[in-house]
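Please read them with the structure open.

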Amino acid sequence: MISTDPDTDARKASFRAKLKQRRAEAAAANGAAIAQLAAERFLAAIPVKAGQVVAGYWPMGDELDPRPLLQQLQRRGALIVLPVIQTGSRLLLFRLCKDLSQVPPAGAYGIPAPPEGSSPLQPDVLLVPLVGFDREGHRLGMGGGYYDTTLRALRRTRAAGAKLPLAVGYAFAVQQVAELPHGDGDEMLDWVVTERGAVAFGQNAKESE
C-alpha cells in the first residue's frame, strides 16, 4: 500500500535518495565480495530445510546480489522462486527458477522473471530487496508497494496453525539508519541480513536468543 500522507511520503523520498547513493557506492566498491559474505551470514543464522520454498529476486542495478546465496540454498535442496509482477495487481506471483546461471526473460518493467509455464509456488522465506532499513525492522523500498501488499496477503491467508512466511531484508550494511518514516500500510521485516550479520526483529528476535 502506498502512503497517502504527504509528509511521510516526502520524508521517505529524502531517505530514499540518500540511501540509494549509499547502496550504489557500496556496490561499486566491493559488491561481489559483500554478496558472498552476506550469503555466509544468512546460512549461519537462518535454517532452510530441503523442500522449503525460498523467494529470491533478480538483482537490478546496484541491489545486493542474492544469487550466491540462492545457488547454495538450491544445492541444499531448497526450491527457488522469483517474483513476477501481475498486470493490474500489486500482489506478486512467485514462479520456480531451476537455473540461476541464466538470466530469465524480461517481465514487467524489464525485470527478469520466470516465464509462464514455470510452476507457481508460495514461499516459506522471502528475500526482500530494499533501499533502506532501520533498527526496528522497518523497510524502505522503491515506493511501488508490491512487497508490502504481498507480505500482508501472505501473512493473512496462511492456514490456521501454519507457520507464517519469513520476510528477510537483504542489504548492504550501509543501508541501515536509526529510524525510518513509516505508515500503517508498511509491513515489517522478520530479519535483515547484511555482510555484518543477521538481525532478527519482534518474535523472531526472542526465538533466536
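**Notes on strands and helices**

1. Leu-126 has Ala-167 of β7 as its bridge partner. The model is a predicted one. The pairing of β4 with strand β7 (residues 166–170) is parallel and runs over 4 bridges.

2. Strand β4 also pairs with strand β1 (residues 53–55), again in the parallel sense, here over 2 bridges. In this pairing Val-54 stands opposite Val-125 of β4.

3. Which way do the side chains of β4 (residues 125–128) point? Val-125 and Leu-127 point one way, while Leu-126 and Val-128 point the other way. In a regular strand, side chains alternate between the two faces of the sheet. Whichever way they point, all four of these β4 residues are buried.

4. A separate point concerns the open sheet of 3 strands with the order β6-β5-β8, in which the pairing is mixed. Its edge strands are β6 (139–140) and β8 (176–177), each of which pairs on one side only. Strand β5 (residues 132–134) is joined to β8 by 2 bridges, and the two strands run parallel. On the residue level, Asp-134 has Val-177 in β8 as its bridge partner.

5. How do helices α1 and α2 cross? The axes of α1 (residues 6–45) and α2 (residues 67–75) come within 8 Å and cross at roughly 45°.

6. On the α1 side, the contact is made by Ala-35, Gln-36, Ala-39, Phe-42 and Leu-43. On the α2 side, the residues are Pro-68, Leu-69, Gln-72 and Leu-73.

7. Is Thr-149 buried or exposed? Thr-149 sits in helix α3 (residues 146–157). Its relative accessible area is 18%, and the cut-off for buried is under 20%, so Thr-149 counts as buried. A polar atom of the Thr-149 side chain lies 2.8 Å from the backbone oxygen of Gly-145. The side chain of this buried threonine is thus placed beside a backbone oxygen, that of Gly-145, at 2.8 Å.

Notes: Residues are numbered from 1 along each chain as its sequence is written. This is a predicted model: local features need pLDDT of at least 70, side-chain atom pairs count only at pLDDT 80 or more; totals for chains, interfaces and linings use all residues. Side-chain values use heavy atoms; hydrogens and water are left out. Two strands pair if DSSP finds at least two bridges between them. Buried means under 20% relative accessible area, exposed over 50%, partly exposed in between (1.4 Å probe, protein chains only). A polar contact is a pair of N or O atoms within 3.5 Å; within protein, one must be able to donate a hydrogen and the other to accept it, and residues adjacent in sequence count only if both atoms are side-chain atoms. Axes are lines fitted to C-alpha atoms, for helices over the stretch in contact, and angles run from 0 to 180 degrees between N-to-C directions. Contact means heavy atoms within 4.5 Å.
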